[in-house]
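Let's take a walk through this structure together. Have the sequence and the 3D view ready as you read.

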Amino acid sequence: MLSKEEAADIFERIKKHSSADEVEVLFYSGQSALTRFANNVIHQNVAEANDGVSVRTSFGGRTARASTNKVDDESLKRVVQASEDLAKVQRPDPDLLPMPDPQERDRVSHDAFSAPPSRYFAETAAITPGLRAEGVAKIVAVADRHKLTTAGIFSNSEFVEGIFNSRGLSDWHTQTSAEVSITMLAGDSSGWQKSNSPDVNNLDPLALAETAARKAIDSAAPREMTPGKYTVILEPAAVLDIVGFMFWDFGGQAILDERSFLNNRIGTQLFGENVNIVDDVAHPLQSGAPFDGEGMRRQRVSLVENGIVKRVVYARGTAERMKKSAAPKVGPIAPTGHGFPLPNEMGEMPSNIVLSAPSQPQTLEQMMSSTDRGILVTRLWYIREVDPYEKILTGMTRDGTFLIENGKVHAGVRNFRFNESLIHMLSNVEAMGAPVRASGEESFDMVVPAMKVRDFNFTEVTKF
Amino acid sequence: MNEILGWALNLAAQRGASYADARIVDDRSRSLATKNGKLGHASDAESQGIGIRVIADGAWGFAASKDLSRAVVEDTAARALAIARASARVKQEDVRLAPEKPVTAEWTTPYRIDPFTTSIEQNLDLLLRIDAELRAVSGVTLAETGINFKREDSWFASSEGANIHQTKISTGAGYAAYAFAGTEIMKRSYPNSFGGQWQNKGYELIAELKLVENARRVAEEAVALHKAAQCPEGVSTIILDSSQLGLQIHESIGHPIELDRVLGMEANFAGTSFLTLDKLGRLRYGSELVNVVADARQEHGPGLGTFGFDDEGVPAQCTPIITHGLFTGYLSSRETAHIIGANRSGGTLRAECWNRLPMIRMTNISILPGEKPLTLEQLIADTDDGIYMETNKSWSIDDKRYNFQFGCEIGWEIKKGKRGRMLKNPSYSGITTEFWNSMDAICSRDQWTLWGTPNCGKGQPQQVMGTGHGASPARFRGIKVGSAYRGN
């Protein structure tokens, strides 16, 4: 992998090739490997190594970006030229800010930013194809023992993200990641579990395999239920799958563009009083770099307090535009370190979401025991936005959907289609578990609890 | 490049691979976008590297590196072999590849104007003219435009002797107008949602799309939707425009016919398929009028699924998928062909870039147009009562591809053969085979468009691929409409 010293050298070479007022370079470098299995065999098994640079040049209100994974001198010269060619022909944008310097970056109060723990684990980086195959063999053994068919992945990676700009700012983040995802298939049912972490020692593939297998077995011969409003218990992966769709709207630019469901709603009681959400890159269960696309410190931001949306996040430019705009102002208007690399039209978003623990977290069993009739959902699938302002989302349940009766799992049920407003859903949370690091396929990883939600809106049912 | 490919293949052979192939890919792309009269983004990107795929001890391994030096290429090939041997520890039988005659070939996307030779100023000016047209309409609160070019050069060689160089060029452009008022955000897009229209052709596509000419109408429709009636809930006859029908094909035909899904290889992520092997040649997928092909050949048109050879060196082909309503074909590869009794791959294995393993992907999955002349307006005139829906807004389907729900940006009532009042938030839902069996009319060739879907996701690690879908407007009877808003 690229070191920060090598990156500094490349940055100096890039600067020499540029005639721009300002230059910024984003670096990426890494190795990853993924062993994929299906039908109880390894059928795909891959590894890659890659690194490169993304060069932004700026000329008085005009800026553009060009990227390459070739770092020889000729390629660096060409990528600088491409960036400058794209920038020079633009109409100047008076709102484009100079790049930040280290003093601006460090102008953050101590309670808003703390450095995250190390997210690089040598043991995770060192996992070999043989070790991944051993792990898969153990998962397959669980499937064989239960007479099931299994499919899934076991992956690991190490990577760096870095930023240098011509005003002296630089930052560097090194991380590892390991992930296991397991589907167990029976004749007419299935179960699923997934987990990832920077530290492979936090993963327990055998426990995941056993849980997925139990779900496949317990949901066999699924019965068809009538669609309608049900009390649901969403496991953490299902919670993140669905709530992830609203965080694109928690940025100042989305408000300015009037494409956010929070327009005219910030500061109002939008969700239930038991909903509290922060964005916190330093949370011990979180992941990722502590700086944004311009190198600003990624601060802790309390987004929702007792169901009221208190703040949104801001890139530097968005904060300036918001100060000048006529849009209603709520909370402090200042950069929070959540901007995407410039230039972009999306602005920013919070991506280290933590749904805070309730005062009295409940286990899944406790949530079920207080449920006369409801649906337990393992996972959601193919979620899409039906209505952007009421935040109605549609999607399917998948890989382990159960009828709860009289406080217990009673039977597997055929998968439902839902059309549910996130606003309604987060206003109807009756109970929550302790937050865990969860991973799904419909949204980014988060720290979220399981949730018990009343009147969840299922509109159709499929054939399995 | 042949010398570099040779380093990889030679090392694989020396270390005991029973099969190897290597692909060097050099990608270049440009993306320009505006928002509300200003630059959204302006970016160029290039990426080059080699991906090496081997079979050793009867199992697959793949490794990729951006470094094309001899030492690293050989090290990458060795890594692929080590991975294959690890794969072999958890196998039941050896990989079998359908025979394919190796070829030496050159293939290039036919184009008139190389989009990378057009000036940045010219393209930004075009986008800003569209933007001005969109924002000239009172009530438009957000205008977004974009244009994208891509060039992919690939060099493929295999241990069987194939040696293929391909150059693929694609162009895409589109825009959207948003209108926020009260408690509604309305949106209209052109020529299609989610980035517009994309084809494997040169810059000549841009003039064909008539982007500026349609901007005012599209913006006016976005604003007018605020005063439109809500799409009713119930059962109705529907007519879909060709772009929406293209996405319907993608989701409810294109994905379920992927043989890797059918065989469970995607069970953990993209899902499986209701099209189990027993259904080939037996399932009544649609009505007599439903004829669908998977056609990667240039003669089908400049779709995002058009190429000379797939990424394991198999020439582009046309496979009948649905023939007069009967299910007749899957998308296959050299590894999977024997499972359906085929003696050759259908030629659908493609990879997103050099660092990804090729996998079964849709080519151009298209419904053939009706044989009798029939325009959209004639189809509406022939419909006593129904809803016409245009341009996708939301799409969702279960992991076996049975139950779907689509929302469209705009709809119109049809009463006694006339297009009536505008409807907002139109949606429809159903079960795949019931839906396709309800199709009772499809417009003719002059109404047929080969749409591009640039963002099809599949695989772990996930790969994004462009696919093509040709379609004419078509009519469906007895379809559930409006349930997307039921209970909300």
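In domain 1 of chain B, 46 residues are in contact with 40 residues of domain 2 of chain B, contact meaning that the C-beta atoms, placed from the backbone, lie within 7 Å. The touching side of domain 1 of chain B has 21 nonpolar, 14 polar and 11 charged residues; here Ala, Val, Leu, Ile, Met, Phe, Trp, Tyr, Cys and Pro count as nonpolar, Asp, Glu, Lys and Arg as charged, and the others, Gly among them, as polar.

This is a predicted model, where local features need pLDDT of at least 70 and side-chain atom pairs count only at pLDDT 80 or more, while totals for chains, interfaces and linings use all residues. Residues are numbered from 1 along each chain as its sequence is written, and chains are lettered from A and ligands numbered from 1 in the order in which they are written.

Now for the two chains: chain B brings 69 residues to their contact and chain A brings 75. On chain B's side, strand β2 (residues 38-56) gives the most, with 12 residues; strands (E, at least two residues) and helices (H or I, at least four) are DSSP runs, numbered from the N terminus.

Finally, look at helix α1 (residues 4-17) of chain A. Which of its residues are buried? They are A:A7, A:I10, A:F11 and A:I14, buried meaning 20 or more other C-beta atoms within 10 Å of a residue's own, and exposed 12 or fewer. Down the axis of α1(A), these buried residues fall within an arc of 105 degrees, so they line one face of the helix. The arc is taken from the directions from the helix axis to the C-beta atoms. On the other side of α1(A), A:E5, A:D9, A:E12 and A:K16 are exposed.
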